[in-house]
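Colleague: I'm new to this one, can you walk me through it? Start with whatever I need to know before the details.

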Amino acid sequence: MGMRVAVVGAGVVGASVARELVLRGANVTMFEQDHPGAGTSGTSFAWINSHEKRPDSYHRLNVAGCAEHERFAAAAKGSQRWHFATGNLVWAESATERDVLERRVKRLEHHGYPCRWLDPNDVRLLEPDVRVPPSVERVAYFVGEGYVLPTLLLARLLGEARDRGAELRYPARVRSVEPNKHGVDLVVDGQRERFDRVVSCVGRWTHDLVATAGAHLPLVDPEEAGGPAVGFLAYTGPSLSRMSRVLTTPRISIRPDGGGRLVLQALDLDTAADPASPPGPGSTESTILSERLGEVLTLGRSATIESIRVGQRVLPADGHTVAGFADEGEGLYVVATHSGVTLGPLLGRLVAAELLDHEESSLLADFRPDRFRDWDGAVTVAPTRGLGEQ
Ligand SMILES: Cc1cc2nc3c(=O)[nH]c(=O)nc-3n(C[C@H](O)[C@H](O)[C@H](O)COP(=O)(O)OP(=O)(O)OC[C@H]3O[C@@H](n4cnc5c(N)ncnc54)[C@H](O)[C@@H]3O)c2cc1C
């Protein structure tokens, strides 16, 4: 029998890890306190990119994350699609934004990241419904980017994990993780169970769960209204839009969400985002987003905003991915990351290889949890408010 591994958390990251573990022969049990996708993976812009990722090691990780999506989608059987490598169109309006975008294109071109400039007529050929403002002379096209439909991605990952024998238990809340010399004990809803290894993929709950094992992993407070972790996502009903790409503009970002539906984001509004009180359909945010949608999309006003949700990012205190063992005995492995939709399938493969095959990944070298051992309490993540940030 293969190694007994518990994966805690059934978001995109946990599902990716579980799938790779079973593919490599492990005996996997997943625990989810609510239902799969109940966490941040259920409210994500789900843009697949390495657009503004620094330092270089974080950029490389995200570039590899994009490539892993391509491979995963290409290898899949069946006709359901969740991954759309359509590219991302970005324009700037003010002189400052233009400067930011021009410098970004230069930097990314230098890294060999596919991007080029289009004039507004080219954009009309690609996306006939997009209205480029007359003041915009050129639009940056990040050809290698795209988006996923996060629920379908999750369905695919979990489906493949379960097809190969992973057991998914929910609702099943893990109360504590206790590494010891015989393995790792999990206390789940009052019952104790022993595993050879446990992988924590509990997103914004990571600090609390790993603390039960004596480990410390600081995250930005996901409940803080207007803080760096929170952001609005508006979901429209079916619209008369033919948009097929991600569109990023200073006032609104848009991605298709299947069946003519769109997901909208306007980062400047996020100062008012409060997880404790998401705005209703008739709110100020809804009115502003509808107006902005109408400005950039012909028939944009045909789209009704059905809901606005407040997403809560998984943000380690320095903003970067955490992946590695959290205890000396190497019983508890922790994964916590922003951009987990871009990175999920890649992290799944790298983490499974580290856990089962002792293949240490150089891509993860800069992202080990022990960097927080002597943490001074500083949160070094700035809120994402600028063009093309996420
Ligand atoms: C507004 C916004 C926009 C974003 N845009 C993008 C983007 O464009 N591109 C991108 O790549 N990423 C984006 N992200 C980030 C991305 O969505 C997240 O990084 C990713 O979804 C994290 O996935 P996860 O599986 O780690 O966490 P989650 O999806 O939160 O999964 C964790 C799961 O663990 C469960 N859990 C917690 N505690 C326990 C316990 N004790 N026992 C059992 N189960 C437990 C939870 O219920 C949850 O289901 C965005 C996030 C936000 C908020």
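Modeller: Domain bounds here come from an automatic or database domain assignment. On that basis the protein splits into domain 1 (4–47 + 151–220 + 316–372) and domain 2 (84–145 + 223–312). Keep in mind that this is a predicted model, where local features need pLDDT of at least 70, side-chain atom pairs count only at pLDDT 80 or more, and totals for chains, interfaces and linings use all residues. Residues are numbered from 1 along each chain as its sequence is written.

Colleague: What separation is there between the centres of domain 1 and domain 2?

Modeller: Taken over C-alpha atoms, the two centres are 31 Å apart. The contact uses eight residues from domain 1 and 13 residues from domain 2; two residues are in contact if their C-beta atoms, placed from the backbone, lie within 7 Å.

Colleague: And by class, what's on the side of domain 1 that touches domain 2?

Modeller: Four nonpolar, three polar and one charged residues. For the classes, Ala, Val, Leu, Ile, Met, Phe, Trp, Tyr, Cys and Pro count as nonpolar, Asp, Glu, Lys and Arg as charged, and the others, Gly among them, as polar.

Colleague: OK, new topic. Which residues come nearest to the ligand?

Modeller: Out of 41 residues around the ligand, the nearest are Gly 11, Gly 39, Gly 203, Gly 311 and Gly 340. A residue is near a molecule or strand if its C-beta atom, placed from the backbone, lies within 6 Å of it. By class, that shell has 17 nonpolar, 19 polar and five charged residues.

Colleague: Where does the shell around the ligand draw its residues from?

Modeller: Domain 1 and domain 2 each give at least three residues to the shell. Looking at elements, α1 (12–23), β14 (230–236), β18 (305–312) and α8 (340–357) each supply at least two. Those labels are DSSP runs numbered from the N terminus: helices are H or I with at least four residues, strands are E with at least two.

Colleague: What about the largest nonpolar core, how many residues has it got?

Modeller: It has 106 residues, and the ones with the most contacts inside it are Val 7, Val 17, Ala 18, Val 28, Val 335 and Val 351. A nonpolar core is a set of buried Ala, Val, Leu, Ile, Met, Phe, Trp, Tyr and Cys residues joined through C-beta atoms within 7 Å. Buried means 20 or more other C-beta atoms within 10 Å of a residue's own, exposed means 12 or fewer, and partly exposed is in between, with C-beta atoms placed from the backbone.

Colleague: Which element gives the largest share of this core?

Modeller: That's α8, with eight residues. Domain 1 and domain 2 both contribute residues to this core, so it lies between them.

Colleague: Pick one residue for me. What does Val 351 contact?

Modeller: Setting aside neighbours within four places in sequence, Val 351 is in contact with Val 17, Val 199, Ala 323, Tyr 333 and Val 335.

Colleague: Why does Val 199 count as buried?

Modeller: Val 199 has 27 C-beta neighbours inside 10 Å, so it counts as buried. You'll find Val 199 in strand β13 (residues 197–200). Val 199 and Tyr 333 are 134 residues apart in sequence, yet their C-alpha atoms are 4.7 Å apart in space.

Colleague: And how do the residues of β13 point?

Modeller: Arg 197 and Val 199 point one way, Val 198 and Ser 200 the other, and all are buried. In a regular strand the side chains alternate between the two faces of the sheet.

Colleague: Which strands pair with β13?

Modeller: Strand β1 (residues 4–8) pairs with β13 in the parallel sense over four bridges, and strand β20 (residues 332–336) is parallel to β13 over three bridges. Two strands pair if DSSP finds at least two bridges between them. Val 8 stands opposite Ser 200 in β13, while Val 198 stands opposite Leu 332 in β20. β1 also pairs with strand β2 (residues 27–31), parallel again, over five bridges.
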